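Reader: I have some questions about the labels used for this model. Please set each value against its cut-off.

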Amino acid sequence: MNRIFGKKKAPGPPPPSLDDASSGLGGRVDAIDTKIASLEKELKVYKDKIKNSKSPAAKKTLQKRAMEVLKRKRMYEGQ
């Protein structure tokens, strides 16, 4: 009979409790919030550099970097 139906699985670790799951989720939320805050600081630096730059080529590269940072920020906000 074991060949047809297989054997019972060995009991694994107990599932996480509600408190464990909520604390894990809270930790992830805090980590994402700190990432968003650091990206906002980085974005502010790029905005200041764009205002102060005079050459169009430098402005264009700074805008490209700022757009990449903004995309990352939006990605984290969507999570």
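**Labels and their cut-offs**

Author: Lys73 is buried, with a relative accessible area of 16%. This is a predicted model, where local features need pLDDT of at least 70, side-chain atom pairs count only at pLDDT 80 or more, and totals for chains, interfaces and linings use all residues. Residues are numbered from 1 along each chain as its sequence is written, and side-chain values use heavy atoms, with hydrogens and water left out.

Reader: Why is Lys73 called buried?

Author: Buried means under 20% relative accessible area, exposed means over 50%, and partly exposed is in between (1.4 Å probe, protein chains only). Lys73 has 16%, so Lys73 counts as buried.

Reader: What makes Glu40 and Lys73 a salt bridge?

Author: The rule asks for a side-chain nitrogen of Lys or Arg within 4 Å of a carboxyl oxygen of Asp or Glu. For Glu40 and Lys73 the N to O distance is 3.6 Å, so the pair qualifies. The pair links distant parts of the chain: Glu40 sits in helix α2 and Lys73 in helix α3, 33 residues apart. By this rule the count comes to 1 salt bridge. Side chains of opposite charge can pair when their charged atoms come close.

Reader: Is Glu40 called buried, partly exposed or exposed?

Author: Glu40 counts as partly exposed, because its relative accessibility is 39%.

Reader: How do you know which stretches are helices?

Author: Helices are DSSP runs of H or I with at least four residues, strands are runs of E with at least two, and both are numbered from the N terminus. The chain comes to 3 helices and 0 strands. Along the sequence the pattern reads α-α-α.

Reader: How do you know whether the chain is a compact globule or more spread out?

Author: The radius of gyration is taken over C-alpha atoms, and the globule rule is 2.2 Å times the number of residues to the power 0.38. For 79 residues the rule gives 12 Å; the chain has 24 Å, well over that, so it is more spread out than a compact globule. The C-alpha trace spans about 80 × 30 × 15 Å along its principal axes. Buried residues make up 15% of the 79 residues.

Reader: How do you know what span α2 should have?

Author: The expected span of a helix is 1.5 Å times one less than its number of residues. With 35 residues, α2 should span 51 Å; its end C-alpha atoms are 51 Å apart, so the two agree.

Reader: What makes the largest nonpolar core a core?

Author: A nonpolar core is a set of buried Ala, Val, Leu, Ile, Met, Phe, Trp, Tyr and Cys residues joined through side-chain atoms within 4.5 Å. The largest one has 10 residues, among them Ile32, Leu43, Ala66 and Tyr76. The elements that give two or more residues to this core are α2 and α3. Helix α2 gives the most, with 6 residues.

Reader: What is Tyr76 in contact with, beyond its neighbours within four places in sequence?

Author: Contact means heavy atoms within 4.5 Å. Beyond those neighbours, Tyr76 is in contact with Ile32, Lys35, Ile36 and Leu39.
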